[in-house]
Amino acid sequence: MISKQAQLKAVARLAGRKVCIIGDLMLDHYMIGTVERISPEAPVPVVRVTREDRLLGGAGNVARNVAALGGKPLLFGCTGDDPEGAALVRMCAEAGIESRILKDKTRPTTRKTRIIAHNQQVVRVDSEQPDPLPEPLLDEMFSKLSKILPEFPVIVLSDYGKGIISRGLMGRLMDLLAPLPQRPLVLVDPKPVNYDLYQGVDLLTPNTKEAGEGAGLPAKGRDGVLAAGRALFKRLHCKHLLVTLGAEGMALFESPEVVRHIPTVAQKVFDVTGAGDTVIATLALGLAAGLDLITASVLANHAAGLVVAQVGAATASALELAQAVEHLPDTEVNSWIE
Ligand SMILES: Nc1ncnc2c1ncn2[C@@H]1O[C@H](COP(=O)(O)OP(=O)(O)OP(=O)(O)O)[C@@H](O)[C@H]1O
Ligand SMILES: [Mg+2]
């Protein structure tokens with residue numbers, strides 16, 4: 001059991017901690033309107049747009065979550081040389097996120113446009129070019145990273161499979177970290193096609209589907225999650241693993257043998273979008289504050305619970321997190337061993 005007092009103390013330690021985030025930056029673009037007729041040009045609805053929203057997505061949303069909790073994120077990413085890229089840089093500044101964003105002339109900024117009418121998504125339109133970063137851009141990124149990385153206790157790799165996290169980047173990152181006396185922890189939100197790139201990292205945060213794909217086993221139910229988790233340890237030689245279980249909470253593998261289950265508390269669920277970003281952001285900030293893995297995971301579970309109760313890719317503040325802890329019972333953490 002993790003007491004409320006311990007959790008409240010832990011929340012108070014998050015402020016001002018630094019987290020470096022490297023990952024796929026995206027523009028989440030929403031066009032919202034109404035349909036009154038079918039197009040004369042093709043058998044499709046005509047959406048008349050009444051509102052447009054633009055949000056920081058992907059790695060940007062992880063950084064947004066760190067900032068909302070009172071942490072200090074430093075975000076490394078890449079955009080195209082286009083107005084969407086300029087908008088992302090501006091949005092980072094507005095959200096209080098320090099960023100080092102490279103401009104790649106050979107790709108468009110990754111953008112997901114959702115066209116929504118009467119609360120229903122009509123179509124999603126993606127712009128992306130997910131090739132790995134060209135060498136000169138990797139050089140530019142690593143000349144910056146090599147100067148500042150030793151100052152960071154935790155690095156998050158937010159991999160949405162859009163090209164930033166590549167074999168080239170991982171090789172350079174591991175070479176840079178290996179000789180450091182106090183090696184920063186490396187946390188990864190994985191993309192299944194890239195599992196082989198994450199050899200030897202400190203912690204991965206797949207959901208059950210991603211864990212199952214990486215393990216080659218269905219991660220269903222307690223025994224399925226345990227088997228998939230152990231297969232992932234064998235495949236990746238990672239130190240720890242946190243499998244997020246949606247409404248079932250999370251399974252924290254401190255090692256293949258020491259596994260604990262953290263349940264969610266019953267609450268209203270409006271929109272689970274971005275809950276995974278909240279989990280890794282809170283976990284990273286907690287570890288940067290020196291919390292143990294189980295306490296950081298319990299806070300991440302609470303923060304995700306706050307975010308799923310809101311519409312859109314929301315965030316939780318430290319105050320909201322403290323209030324949630326205050327209003328909930330102590331967290332029961334059960335051992336999950338056969
Ligand atoms: N229905 C739910 N009720 C309560 N909590 C939830 C629910 N769905 C998700 N959560 C919380 O969010 C966490 C992450 O959810 P999930 O396992 O769905 O991650 P994910 O698939 O990576 O999310 P996404 O990719 O949409 O950001 C869970 O561990 C849990 O704390
Ligand atoms: Mg996810």
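This is a predicted model: local features need pLDDT of at least 70, side-chain atom pairs count only at pLDDT 80 or more; totals for chains, interfaces and linings use all residues.
Residues are numbered from 1 along each chain as its sequence is written, and local features are reported only at pLDDT of at least 70, with side-chain atom pairs counted only at pLDDT 80 or more, while totals for chains, interfaces and linings use all residues. Side-chain values rest on heavy atoms, with hydrogens and water left out.

Helices (H or I, at least four residues) and strands (E, at least two) are DSSP runs numbered from the N terminus. Helix H3, spanning residues 83–94, has 12 residues and reaches 16 Å from its first C-alpha to its last, close to the 16 Å expected at 1.5 Å a residue, where the expected span is 1.5 Å times one less than the number of residues. Within H3, Gly85, Ala87, Leu88, Met91 and Cys92 are buried, that is, under 20% relative accessible area, as against over 50% for exposed residues and values in between for partly exposed ones (1.4 Å probe, protein chains only). The buried residues of H3 pack against strands E2 (25–38), E3 (45–58), E4 (72–80) and E5 (98–104), contact meaning heavy atoms within 4.5 Å. Just after H3, Gly96 adopts a positive phi of about 75°.

An open sheet is formed by four strands in the order E3-E2-E6-E7, with mixed pairing; two strands are taken to pair if DSSP finds at least two bridges between them. Its edge strands, each pairing on one side only, are E3 and E7 (120–127). E2 and E6 (residues 111–117) run parallel and are joined by seven bridges, and Tyr30 stands opposite Arg114 in E6. Helix H2 (residues 59–68) packs on the sheet, where it touches E2 and E3, and its direction makes about 60° with that of E3, angles running from 0 to 180 degrees between N-to-C directions of lines fitted to C-alpha atoms, for helices over the stretch in contact.

The largest nonpolar core has 54 residues, and those with the most contacts inside it are Val19, Ile21, Leu75, Val156 and Leu187; such a core is a set of buried Ala, Val, Leu, Ile, Met, Phe, Trp, Tyr and Cys residues joined through side-chain atoms within 4.5 Å. Helix H9 (residues 293–308) supplies the largest share of this core, nine residues.

Technical notes. Chains are lettered from A and ligands numbered from 1 in the order in which they are written.
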